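Please examine the sequence and the structure shown below.

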Amino acid sequence: MLLALIALAFVAAALGAPLVVRCVRRWTGWFTHRRAVAPPTAAYDPGRERRAEQRARQLLRSCVNDVEWAMYRDLGFIRVAGRKARSESRPGAGPSAPAPYAYLVYPLKPIVAYVPGTGRLLSEYCVEFPDLTGGGATRLPPSDDVLAKWMALTSDESRVIGSANMHLVGRQHDCARVRRDLWRLSEWERRGEGTSASLRTRPPA
Amino acid sequence: MHSQGPLTEESQIKFLRMKPGYGEVLLTEGDPRISEDEELLIAEFRRQLDEGMWAAVPTEQPDGRREALLVRDYAEIPPQAERVIFFPRAAGG
């Protein structure tokens with residue numbers, strides 16, 4: 001009896017072996033195929049964004065003047081004079097006359113327009129520079145974002161302002177914080193880190 | 001096409017592009033007075049604008065002010081420019 005059972009088991013194993021081999025082959029083939037077509041996952045590099053920002057800061061520094069760079073380094077934003085302030089054809093405006101308006105350029109935040117003479121906040125302009133050509137991240141490093149805004153404002157102000165969404169200050173910026181930044185800027189200039197008289201900022205009332 | 005002259009380091013122009021996650025990357029560089037280089041520069045310039053980039057040349061005024069000049073065509077690049085920076089065009093945020 002036992003002998004007969006063992007013989008039956010051998011027969012069953014012999015008959016089932018091709019099925020088992022086929023299943024194993026199919027499974028291993030599917031697994032290797034999956035490994036072959038799976039996209040390579042880049043190892044997480046915690047220093048990548050930091051290195052990108054370091055490069056962006058160097059590029060920004062090489063483009064703006066010393067005062068603007070010191071302002072960004074010390075205060076975290078750059079002031080850019082409005083087109084009318086930059087143009088030399090302002091009848092009756094002496095070198096010490098306050099500029100009509102200027103912008104505060106923050107990294108990855110809206111541009112703020114204000115009146116340097118009074119510190120009055122005018123509006124904020126939400127503008128981004130999304131890079132849609134790659135498949136990954138679209139946001140520039142913070143200092144590249146500042147440089148892009150600076151280049152756009154100093155070269156074609158109306159174009160960049162025209163493509164921005166305009167809001168009253170307070171939508172994305174905290175008004176109190178912007179006023180505090182203007183006070184910090186005026187103190188920074190008072191200490192002599194400064195700039196031309198025409199853009200000198202008075203602390204907001 | 002520019003006239004041929006003595007090749008110096010200053011005559012090289014670099015095309016840089018701001019890239020998310022990288023900072024700026026060097027696209028190409030060359031001497032615009034050499035016709036082969038100029039062809040490559042023109043091709044790269046057009047490719048970047050076709051991808052929707054803006055091109056700007058940092059400039060310095062005689063009074064020390066620094067500004068940028070947006071260029072929409074290769075011919076608009078000032079002859080003394082050392083670099084052109086390509087960056088994504090502005091969009092409302």
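Which pattern does chain B follow when read along the sequence? In this predicted model, the order of elements in chain B is β-β-α-β-β-β-β, that is, 1 helix and 6 strands. Chain B has 93 residues, of which 28% count as buried. Of the contacts in chain B that link residues at least 6 apart in sequence, 44% join residues at least 24 apart.

The account now turns to the interface. Here 23 residues of chain B are in contact with 35 residues of chain A. On the side of chain B that touches chain A, two or more residues are given by each of strand 1 (13–19), strand 2 (23–30), strand 3 (53–60), strand 4 (66–71), strand 5 (83–88) and strand 6 (91–92) of chain B. Strand 4 of chain B provides the largest share of that side, with 5 residues.

V127(A) has G92(B), in strand 6 of chain B, as its bridge partner.

The last topic is the largest nonpolar core, which contains 55 residues. The members that touch the most other members are I78(A), Y103(A), V105(A) and W150(A). Helix 5 of chain A (residues 142–163) contributes the largest share of this core, 9 residues. Leaving aside residues up to four places away in sequence, V105(A) touches F77(A), I78(A), V80(A), I111(A), V146(A), K149(A) and W150(A).

Notes:
Residues are numbered from 1 along each chain as its sequence is written. Chains are lettered from A and ligands numbered from 1 in the order in which they are written. This is a predicted model: local features need pLDDT of at least 70, side-chain atom pairs count only at pLDDT 80 or more; totals for chains, interfaces and linings use all residues. A nonpolar core is a set of buried Ala, Val, Leu, Ile, Met, Phe, Trp, Tyr and Cys residues joined through C-beta atoms within 7 Å. A residue is buried if 20 or more other C-beta atoms lie within 10 Å of its own, exposed if 12 or fewer, and partly exposed in between; C-beta atoms are placed from the backbone. Helices (H or I, at least four residues) and strands (E, at least two) are DSSP runs, numbered from the N terminus. Two residues are in contact if their C-beta atoms, placed from the backbone, lie within 7 Å. Two strands pair if DSSP finds at least two bridges between them.
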